[in-house]
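Keep the sequence panel beside it. This tour moves from one selection to the next.

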Amino acid sequence: MENDNWWTAPAETDDGRLIMVTGRADVARFRGNPRFTIRIEVEWPYDDAPCAGMPTDADAETMGIATENLNTVLARDPVAVMTGIFTGAGTRTWVFYTLSTHIFQKKINEALADLPTLPLRITAENDPRWEAYDEMQEFEVK
């Protein structure tokens, strides 16, 4: 992940727990494409008890590998773009915008094939105006 294209800022859940929000800044070419209208969240719940809401070192390492693999696969075939990562309160959530849930499913399987089976939950919604992305950007510290 190229750091100059991403920003990170702390946020809090409604019950006051820390969440680190990481957002992608360079999304114009995807956002300008009217086909990228589907927002996908890939959630990884983890045991946060030993680390005050954050993942253990082992989980964090695997999450880092998964993030790099996802970005590598999508850089080769840009059918989706990772726009955000939320980590804390027992959950890592990757956020993507894509043109097809079917194609995205193939790409996520390709990206994660070499990792052990992960406890992922995947949801999708239509967000043609990227409203959720705009909400996430409110966390960015300028």
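**Stop 1: a loop residue**

Select A89, which sits in the loop between β4 and β5. Strands here are DSSP runs of E with at least two residues, helices are runs of H or I with at least four, and both are numbered from the N terminus. This is a predicted model: local features need pLDDT of at least 70, side-chain atom pairs count only at pLDDT 80 or more, and totals for chains, interfaces and linings use all residues. Residues are numbered from 1 along each chain as its sequence is written, and side-chain values use heavy atoms, with hydrogens and water left out.

Is A89 buried or exposed? A89 counts as buried, because its relative accessibility is 16%. Buried means under 20% relative accessible area, exposed means over 50%, and partly exposed lies in between (1.4 Å probe, protein chains only).

Now check the backbone. The phi of A89 is near 55°, a positive value in a residue other than glycine. Most residues other than glycine have a negative phi. A89 belongs to the hairpin of β4 and β5, which has two residues between the strands.

**Stop 2**

Select residues 80-88 for β4 and 91-98 for β5. The two strands pair in the antiparallel sense over eight bridges. Two strands pair if DSSP finds at least two bridges between them.

How many residues of β4 are buried? Eight of the nine are, so β4 is largely enclosed by the rest of the structure.

**Stop 3**

Six of them form an open sheet, in the order β1-β2-β4-β5-β3-β6, with antiparallel pairing. The edge strands are β1 (6-12) and β6 (121-126), and each pairs on one side only. Neighbouring strands of this sheet are turned by 20° against each other on average, direction ignored. Axes are lines fitted to C-alpha atoms, for helices over the stretch in contact, and angles run from 0 to 180 degrees between N-to-C directions.

Step from β4 to β2. Five bridges join these antiparallel strands. T22 has I85 in β4 as its bridge partner.

Then step from β2 to β1. These two also run antiparallel, joined by seven bridges. E12 stands opposite L18 in β2. Five residues lie between β1 and β2 in their hairpin, and G16 in the turn has a positive phi of about 90°. D14 is in the loop between β1 and β2. D14 is exposed, because its relative accessible area is 89%.

**Stop 4: the helices across the sheet**

Select residues 57-76. This is helix α2, which lies across β2 (18-24), β3 (38-45), β4 and β5, running at about 5° to β5. Next select residues 101-112, helix α3. Helix α3 lies across β3, β4, β5 and β6, at about 35° to β3.

**Stop 5: T93**

Select T93 in strand β5. T93 counts as buried, because its relative accessibility is 9%. Not counting residues up to four places away in sequence, T93 touches E41, V42, E43, G84, I85 and F86. Contact means heavy atoms within 4.5 Å.

**Stop 6**

Select D127 and W130. Both lie in the loop between β6 and α4 (131-137). D127 is buried, because its relative accessible area is 5%. Which residues does D127 touch, not counting those up to four places away in sequence? They are T37, R39, Y97, A132 and Y133. D127 and R39 are 88 residues apart in sequence and 5.9 Å apart in space, C-alpha to C-alpha.

W130 counts as buried, because its relative accessibility is 0%. The phi of W130 is near 55°, a positive value in a residue other than glycine.
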